[in-house]
Amino acid sequence: MSHSPIDKNVLLIGASRGLGYALAQEYLKRGWHVVATVRGLNKTKLHALMDISDGRLEIETVDITVPEQITGLRERLTSRRFDLLFINAGVINQPDGTVGEVATEEFVRVMVTNALSPLRVIEILQDLVLSTGTIAVMSSGQGCVANNVNGGHEVYRGSKAALNTFMRSFAACALVSAKNDHMKHIASWSSQPWTSMAVRL
Ligand SMILES: NC(=O)c1ccc[n+]([C@@H]2O[C@H](COP(=O)([O-])OP(=O)(O)OC[C@H]3O[C@@H](n4cnc5c(N)ncnc54)[C@H](OP(=O)(O)O)[C@@H]3O)[C@@H](O)[C@H]2O)c1
């Protein structure tokens with residue numbers, strides 16, 4: 001992969017497959033240095049990408065639902081600084097159903113993964129992001145309350161709506177405390193790509 005390196009660094013959380021993998025590919029294509037995470041020790045397609053990345057892709061491990069793993073990642077990356085922290089990791093409930101039908105454990109799994117954990121990652125890793133940098137999460141159009149005219153995927157929708165609210169609040173608090181300092185750009189992104197999750201949505 002011979003693209004001229006540029007002096008930009010991204011930490012991409014949840015990149016073993018799907019959109020996260022595609023983002024890793026794209027940032028490499030644009031010459032960035034990429035630190036991307038997977039869960040566990042199994043080889044993923046990201047590992048194959050690392051092999052052809054000219055050393056510009058490093059793979060880290062974190063399960064964002066395990067706070068000790070997030071602090072472990074923070075400690076391993078303590079000397080590093082990033083232009084972009086992008087939390088892409090997310091799940092959808094299985095099987096789909098109304099809010100009342102979904103098993104409590106499944107409801108909790110989706111909410112903890114999609115809404116609580118991204119904010120934990122941000123709060124723990126935010127100091128690794130340059131003051132001129134960006135903190136972003138992968139939200140979803142399905143998290144938009146006003147656009148919900150068809151219903152369906154309620155638990156997933158609820159988790160992304162909660163994520164949007166938490167991000168809005170995080171940004172508001174950061175603005176209040178930033179005063180005249182440089183403030184990091186804080187963003188929720190949504191997408192409509194064709195991944196294994198998109199097939200289920
Ligand atoms: N696909 C769409 O149509 C669509 C539309 C809007 C928004 N989104 C959002 O975009 C993001 C990616 O979607 P996708 O379609 O690419 O999904 P995907 O193919 O199912 O990939 C999900 C990624 O998140 C990782 N992940 C899941 N739980 C995790 C955890 N607890 N800790 C760390 N990593 C975890 C997965 O790792 P493993 O391989 O270990 O499971 C995988 O790398 C999600 O946040 C999703 O909600 C997707």
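Which residue in strand 2 stands opposite Val 10? The residue is Val 34.

## Basis of the model

This is a predicted model, in which local features need pLDDT of at least 70 and side-chain atom pairs count only at pLDDT 80 or more, while totals for chains, interfaces and linings use all residues. Residues are numbered from 1 along each chain as its sequence is written.

## Overall make-up

The protein has six helices and six strands. Helices (H or I, at least four residues) and strands (E, at least two) are DSSP runs, numbered from the N terminus. Along the sequence they follow the pattern β-α-β-α-β-α-β-α-β-α-β-α.

Of the 201 residues in the protein, 34% are buried. A residue counts as buried if 20 or more other C-beta atoms lie within 10 Å of its own, as exposed if 12 or fewer do, and as partly exposed in between, with C-beta atoms placed from the backbone. Among contacts between residues at least 6 apart in sequence, 68% join residues at least 24 apart; a contact requires C-beta atoms, placed from the backbone, within 7 Å.

## Strand 1

Strand 1 covers residues 9–13, and five of the five are buried, so the strand is largely enclosed by the rest of the structure. Asn 9, Leu 11 and Ile 13 point one way from strand 1, while Val 10 and Leu 12 point the other way.

Strand 1 pairs with strand 2 (residues 33–38) in the parallel sense, over four bridges. Pairing requires that DSSP finds at least two bridges between the strands.

## Helix 3 and helix 4

Two packed helices are described by the angle between their axes and the distance between the axes. For helix 3 (residues 67–76) and helix 4 (residues 104–125), the angle is about 30° and the axes are 10 Å apart. That makes helix 3 roughly parallel to helix 4. Axes are lines fitted to C-alpha atoms, for helices over the stretch in contact, and angles run from 0 to 180 degrees between N-to-C directions. Angles under 35 degrees count as roughly parallel, over 145 as roughly antiparallel, 65 to 115 as roughly perpendicular and the rest as oblique.

Pro 67, Ile 70, Thr 71 and Arg 74 in helix 3 meet Arg 120, Val 121, Ile 124 and Leu 125 in helix 4.

## Pro 95

Pro 95 lies in the loop between strand 4 (82–87) and helix 4. This residue is exposed, with 9 other C-beta atoms within 10 Å. Pro 95 and His 153 are 58 residues apart in sequence, and their C-alpha atoms are 9.9 Å apart in space.

Technical notes:
Two residues are in contact if their C-beta atoms, placed from the backbone, lie within 7 Å.
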